[in-house]
Amino acid sequence: MREISAQLLVGMFVRMLQMLSAEDSSPSHLSADPKGYIVYCPCMGRFGNQADQFLGALAFAKALDRTLVLPPWVEYRRGAVSAVMEPFDTYFQVEPLQEYHRVITMENFMMNLAPTIWPPGKRKVFCYGARHGSNKNECNAKEGNPFGPFWDWFQIDFDESVMFGPLYYDTTSTNAVADWNSKYPAKDYPVLAFVGPPAAFPVSQFNVKLQKYIKWSDNYSKMADDFIQQNVPERPFLGIHLRNGPDFEKACDHVSTTPNMFAAKQCIGERGEFGTTTMEMCFPSVSTVTEQVKREVEKLGARAVFIATDYHDLRAELSKVLKDVKLVKQADPPSPLLDLAILGRSDHFIGNCVSTFTAFVKRERDVNQLPSSFWAFERPRKVEL
């Protein structure tokens, strides 16, 4: 039997207590959706990557007309032995998503619906093809971190693997959607549970618009507003995202051969029509950051700069070129999600072309018609003929 760590058991116990005591917006006597459900593990990368693929999974569920089960966010916390699961609605509201399509939190689904429509002994897991693992020709859905911890969080084991290749997640193709529904009808497959997100990465240009349904929870909205009120002397203020850790620097070494890596398309376009990704865009120098921040502060008349970073905040360097401007960041260790919420509220935002963390902020700001720019990149203006 799989060995489960004490930390994981405690986490599962706490989560079950939360599910039992939570005042869920949905009643306990939920009726099953006859059109079926989609469940998946957001098992690729940290929040930015998960958020990218969430939009694609939402579009996929809409195309197949199945209810999307909102997975918890997979987090990698300092000191934790394995990944930790944070419920979707800790950070974001469920109700706005309902305006686009049917959704339900995974906690609600597992507590109130899974025992009858997806009981133990009848749980199939879907993967494109066999994954490396202990069992040959199977999905091995629980092999590795965060795969095992994710499904164990809800005490889910699988009884059968289903290889769905060559089908893919192309929701723009009516033929592909029809193939999914004919091959895996809801009456025979009430739950399509995927090893990973049923979505492309990075997010498709067709699904970027779904960001408008992602609304911060009341708690995180209040936390962001309180932070700004307590730490920013007066508006306007500039928000910046510095992705300058050694891991990202190493990744940026590949931009010359992989110009579309991660979220680069948000700057250069789907086909590189607005230029190519450079090392300076991916990993900007200190001089680029200080000069660009100084220029934007002067243009904006900013009284403060909020800094979100996973590594070096450059406050010492920035203070040399900024006079009478307050440099603000969260106390260590910062909450990445609170960083996002604050950046989304800034009067201007400068981010990293390649970072999916930046991409989340940019999409939110576009929805709210707020200005943003990027390090070492300016999209060419159209030439009027």
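Predicted model: local features only at pLDDT ≥ 70, side-chain atom pairs only at ≥ 80, totals over all residues.

Let us begin with α2, which covers residues 47-64. This helix has 18 residues, and from its first C-alpha to its last it reaches 25 Å, close to the 26 Å expected at 1.5 Å a residue. Of the 18 residues of α2, 16 are buried, so the helix is largely enclosed by the rest of the structure. Just after α2 comes D65, with a positive phi of about 60°.

Now to the pocket itself. The largest pocket holds about 1300 Å³ of space, and 37 residues line it. R46, Y76, D310, P336 and F357 are the lining residues that lie nearest its centre. Elements that give two or more residues to this lining are α2, β3 (73-75), α10 (246-252), β10 (304-309), α15 (336-343) and α16 (356-367). The largest share is that of α2, with four residues. Sorted by class, the lining has 17 nonpolar, ten polar and ten charged residues.

Finally, a stop in α16, the helix where V361 is found. V361 has 0% relative accessibility, so it counts as buried, the cut-off being under 20%. Leaving aside residues up to four places away in sequence, V361 touches L340, L343, G344 and F349. As for S161, it is 200 residues from V361 in sequence, and their C-alpha atoms are 37 Å apart in space.

Key
Residues numbered from 1 in each chain as written. Heavy atoms only, no water. 1 Å grid on protein atoms, 1.4 Å probe; cavity = no way out; pocket = protein on both sides within 12 Å on 5 of 7 lines; lining within 4 Å. Points joined across faces, edges and corners; volume = space filled by probe spheres on them. Nonpolar A, V, L, I, M, F, W, Y, C, P; charged D, E, K, R; others polar. Expected span 1.5 Å × (residues − 1). Buried < 20%, exposed > 50% of the residue type's maximum accessible area, 1.4 Å probe, protein only. Contact = heavy atoms within 4.5 Å.
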